[in-house]
Each structure stands twice: as structure tokens, then as C-alpha cells.
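Take a look at the structure shown here, and keep the sequence handy. We'll go through it topic by topic.

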Amino acid sequence: MSAGTSFPYQPPRTGQKELTELLIKLFEEGGTLVIDAPSGFGKTVCILTAFNEILREDPSSKLILVTRTKRQITRVIEEYLKLNRELSCLRPVALLPRFELCLKRQEENFGVERPLFSNYCRYMIESRTCSYYLNTYATPIQDLEIQRKDFLSIENLLNKGRILSLCPYEALAVLSLNSNLLLMTYPYFLSPSFKNFQNLFAATVRKLCYVFDEAHSLNDALSSSFLIVLTEGILNDTIAWLANFGNSRLIQQLTQLTINLRSLGDLLSTHKCIPGESAVALLFKDLKYDLSQILEEFKLFLLKMSMQERDLHI
């Protein structure tokens, strides 16, 4: 398979043909490749060209391209739109968080903040009260496919969503099942939403390839996605605030968590090294809910308060 004859810019600059051929081999055979090239080298077009060649032989393949920022996704899309005739096998879609694509959020007096949004969205879906969601899944997929190129621009996507009364996020989710190039940022890639979504197609795809743009940023993305700073002072302030609303179950859970954290701190302060997992696990054996479950219940409690302020009831 020769990359030189299929490269969209003729003739390829020094190194582009070699990188494209190397990527084709990597996508075919598997493995890991680290690319270090200056800005403007043409890494994106090399990646898109190589995967376009793979799709000629194996149309069921998928490429997940992860970037640090949304702006970098836009640059990939701009490159694709400029060369879509040459890259005719690619069917791209950009996956973005629900919060940024929610049309209801842009309505007047929405009042639900980002930390509570996933609970709000889940409630609206489960109660079948989001017309945008319902209309999306009542729309034939062929009608969504017609809009694919328009959906690549976030501005066009939101406008089309308003005109057609569709949920932009769900429309992209539907299209992504029939897409072979999925674009997303690090936070979305690391989110539970993408993990659940990935399970839908992982078993049916023979070649699933990943490209991480600016991979040196991955460590920071991991830290910011999973790091929670929790102190005894924060927990005590939260317990005092909850006492105003009489939520005894959450108060009891957070009080127990505070006790366990204090015990863990005492244990760590008496050891020169971190104790074994069994010692740490022992401190939390009586905690009914783990931290993630407590946070989810706390967010649901805040969401109920927010909805009640708007004269809505869950």
C-alpha cells in the first residue's frame, strides 16, 4: 500500500510520506508509536491519510483521536473538510460533553449548575420530559446522516438542533455508531460517559486505533479528572450546612467518612511509609457508601433543591 500516491498534498513534504507509510503499517499490525515533529509538519494530515487507506481495506475499523482542547478538534475538522474528497472513506464525528451541547441549558432561568447537570439530564431522560431527546430517537438515522457535515461545527450543530428540535449530544451519539473517526478531548475520553458508549461498539470493531495528540498532557488530564481534594474542614462545613435541611442520612454518611479520614490520617502519621491496602481498607469497612456514591447522592439532593426553587418536583 503506497502512501505517496494517495497523499492529498502533492508532492508530500520531506518526512510526510515516510510517516504516513509508518502509520499505515502501525494501524494494520498494531503497536505503539510516539511521533515528535514540529508544529506545521503535517502530523494530522498524515494520520488522516493513513487511516483513510486502512478503511479502503477494512471499512469496519475505527480511529479515536483524542486532543487536549476543543480548538484542536476544530483544526482536525478543518483539515478534513478541506480534503474530504481525497479522504472519502472517513466519516468523522466530534463527541463533546452533554453540558456544552444542551439546548435546555440555554433557555431562560435554567438554573442547574454544571456539577448537577448529569443528574438533571438523567432525570429528564428517564421521566421522558425532554422533547429534544425524544425527537432525536424518533428521527430516522438516514435524516441524521444527511446533516453529518453540518454537525461537525458546534455552532451549526446547535443551530440545527434548535431548528429540528433535536438533542445535539444524542444526535452525535447516534451518528458515532456509524462513524469511523471519533474526535474528543481528554476529559471526555476519560469520562464514564465515553466508557459506557465505547462498550456499544468495541465488540463489533475489528481494528480500534487510538491517537493521543499532545500525549505529554495526558498525565495532567488524568490528575484533573480523578483528583478530589477533601479535607476534614470541608466535610464539617458541609455537615453543618446539611443540618439546616434535616438530611440525616447524608449527615450520618459524611460524619462516618470524617471519622474514617481522621483515623486514616492518624495511621499515616505514625508510619514512615504508607501502610498496606488491608490496613486502609479496614478503616472503611463500616462505611455503607463509598465516596463516589456519597457524592452522587449529595448532587441529587442539591438538584432536588434547585428544581424545587423553580417550582418543579422530582
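Predicted model: local features only at pLDDT ≥ 70, side-chain atom pairs only at ≥ 80, totals over all residues.

Residues are numbered from 1 along each chain as its sequence is written, and side-chain values use heavy atoms, leaving out hydrogens and water.

**The nonpolar core**

- A nonpolar core here is a set of buried Ala, Val, Leu, Ile, Met, Phe, Trp, Tyr and Cys residues joined through side-chain atoms within 4.5 Å; buried means under 20% relative accessible area, exposed means over 50%, and partly exposed is in between (1.4 Å probe, protein chains only).
- The largest core has 71 residues, and the ones touching the most other members are F27, F51, L63, I64, L90, L183 and M184.
- Helix α2 gives the most to this core, with eight residues (helices are DSSP runs of H or I, at least four residues, and strands are runs of E, at least two, numbered from the N terminus).
- Another core, of six residues, lies apart from it, and I239, L242, L254 and L257 are among its members.
- Contact means heavy atoms within 4.5 Å, and L183 is in contact with L65, I73, V76, I77, V93, A94 and L95, leaving aside neighbours within four places in sequence.

- N52 sits in helix α2, residues 43-57, and counts as buried at 2% relative accessibility.
- Not counting residues up to four places away in sequence, N52 touches E86, L87, S88, C89 and L90.

**Cysteines**

- How many disulfides (cysteine sulfur pairs within 2.5 Å) does the structure hold? It holds zero.
- The sulfur of C167 has its closest cysteine sulfur in C130, and at 6.0 Å that is too far for a bond.
- C167 is buried at 13%, and C46 is buried at 0%.

**Salt bridges**

- The whole structure has ten salt bridges, each a side-chain nitrogen of Lys or Arg within 4 Å of a carboxyl oxygen of Asp or Glu.
- E21 and K17 form one at 2.9 Å, N to O; they are four residues apart in helix α1, so about one helical turn separates them.
- E214 and R68 pair up at 2.8 Å, N to O, linking distant parts of the chain, 146 residues apart.
- E79 and K82 meet at 4.0 Å, N to O; E79 is buried at 17%, while K82 is exposed at 57%.

Technical notes:
Disulfide = S-S within 2.5 Å.
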